[in-house]
Amino acid sequence: MVKYIFRRVLLLLLVVVSVMVIIFTILYFTPGDPAKSALGQDANPESIAAFHAKYGLDKPYPEQLARYLYKAIFKLDLGYSYMMKSPVSMELATRIPVTMKLAFWAVVLSTLIGIPLGVICSIRQYSFLDSLATLVTLLGVSMPTFWTGLLLILAFSVHLGWLPSMGASTVSEMILPIVTLSGSSIAVIARMTRSSMLEVIRSDYIRTARAKGQKERVVIMRHALPNAMIPILTIISMQFGALLSGSIVTEAIFSISGVGRLMLEAINLRDYPVIQGGVLFISVAFCLINMAVDILYAFIDPRIHVK
Amino acid sequence: MHAVNHLNLTLHRGKALGFVGETGAGKTTTALAILQLIQTPPGKITGGSIMFEGHDIMKMTEAEKRQIRGDRISMIFQDPMTSLNPLKTVEDQIVEMIGLHSAMKGEEARKRALEMLALVGIRPERSKDYPHQFSGGMRQRVGIAIALACEPSLLIADEPTTALDVTIQAQVMELIKKLQSVVNTSFLLITHDLGIVAEICDDVAIMYAGRIVEYSNIRQLYSHPLHPYTRGLFDAVPRLDTRLGGKLSVIPGLPPDPIDLPKGCAFSPRCPKARPLCHERECGMREYEPGHFVNCHFPLELGEGGVQ
């Protein structure tokens, strides 16, 4: 087990370094000059050259890349924000808790709604409820986050005036962003639960459990659901990743100062170190969750041997 | 589509009935109907009654059916590789059965589960293992232990050895037979192996296209089968004295599609003895000689269908 986790951590580091190289390269070759964004379009050539020299932007690509990697990996220094004139790691540290809080509750909410919804649909296959849920989840999957968010603001903040449309510091402020984020995740989780359960319910060991005289509720909850859990867990972990990157849109709509909004602003201003830091955070978080889920599999299914 | 039609059978307490037919004849469907475990939708029992110890299972409430399942009637399934829950230890799967139908709890139920495992020849130290750690034959033994844990009065075995190695088949059948007499249950054996039936059963019913075509005690049916289909089945059993390299005897044609059953007797298109009446209407079950029922207008003469 320890060996397996150790190997997974090594793999994670490899993925993270690759992400860093890729994002750095993409940003390097993206047109636009951060100096002009920082100093204004009509800054004089001397100050632009000074800016470049200060942040090492005048160096050739391999040297810049090597320096970035070296500092990030061995000194945990993600660089300095051009715009905010502060270390990227500090900026991230204040924003990450906000984004994580939203993503976490969105995952909790979508799991708590998605799994029971999927289970009910699977045991009442082709019923009215099942068809209705299929329709609604289809809407949920197809609806872009910004559109759901705007509709929710329009309904609950503008017309009804029940909930605030900005921020995420109080519980009432968090409701709309969390619901917005959960929308498509609930749909995805419910659909996966339904199809996974339908497959399991038809299997022989479920018939065996019924032939024992077991109550249908117990057959579903104790025999079918655990067996259907692996694909559901996989989809939940992927939703977590989707929710983190989805925060870019949600945080912009609800004016929440999390990692997503930080990245959005940084992209507009070509604040390279901040963009790199944000992407790094999302990819590390995504990898960690995937790893946690992989380890969890072994606890659910005795057939999966952790070697 | 009607998978099983006009099926009428009686099984006496403590007796063993063999239920023989080709794949798709409706044997498993009949067994699942007895336990009321037909998957609905899409399946449905449209009529009839299933009398068990004086009560009609069809008219029972869901709770009453649950009481019967496992406790009074239990089933050994065809495929041991898929019939056990892969996420539970074999011990837990037996304990579940015991917990449902007896007052035994906790340690006591656990002890009983170990007893059952010992009875089917599985060492107690393997009780905490999961199904995937067992071979097919061992898993079927676990299935048997589960089915017999509550000493049911009727045991249904649905082709219990079909998925197993030939060498294991005999062992498993031997075990079931032994335990059946120990627990003294009635036994419904579904199979397509006439040899096993002859060894184990008291009565035998031959099924074709969702109907019983012949039903009798072993002695009568094996000494002189009446239905041409039964005769065909016997002829299809390879014998030791046939010439090497010779062709096996087969019944020409294929079993009919249950969606599109032929008019008249379902076997008439394949029957060597069919006459115009057979294509017109089905005969229906009749008692040709005492205790020997056949669904045929023109059964083989007594003596004509004899088997050594």
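**Aromatic contacts in a predicted model**

Let me begin with Arg275(B), which lies over the face of Phe298(B), 4.0 Å from the ring centre. A charge counts as sitting over a ring if NZ of Lys or CZ of Arg is within 6 Å of the ring centre and within 35 degrees of the ring normal. Arg126(B) is likewise placed over the face of Phe134(B), at 4.2 Å from the ring centre.

This is a predicted model, in which local features need pLDDT of at least 70 and side-chain atom pairs count only at pLDDT 80 or more, while totals for chains, interfaces and linings use all residues. Residues are numbered from 1 along each chain as its sequence is written, chains are lettered from A and ligands numbered from 1 in the order in which they are written, and side-chain values use heavy atoms, leaving out hydrogens and water.

I turn now to ring pairs. Rings of Phe, Tyr and Trp (its six-membered ring) pair if their centres lie within 6.5 Å; planes under 30 degrees apart are stacked, over 60 edge-to-face, and the rest tilted. Over all chains, the count is 14 aromatic pairs. One of them, Tyr208(B) with Phe267(B), is edge-to-face, at 5.1 Å centre to centre and 80° between the planes. Both Tyr208(B) and Phe267(B) are buried (under 20% relative accessible area; exposed is over 50%, partly exposed in between, with a 1.4 Å probe and protein chains only).

Tyr215(B) and Phe293(B) are stacked, because their centres are 5.9 Å apart and their planes at 20°. Tyr215(B) is buried at 12% relative accessible area, whereas Phe293(B) is partly exposed at 27%.

Finally, in chain A, ring pairs join Phe24(A), Tyr28(A), Phe29(A), Tyr61(A) and Tyr68(A) into a cluster.
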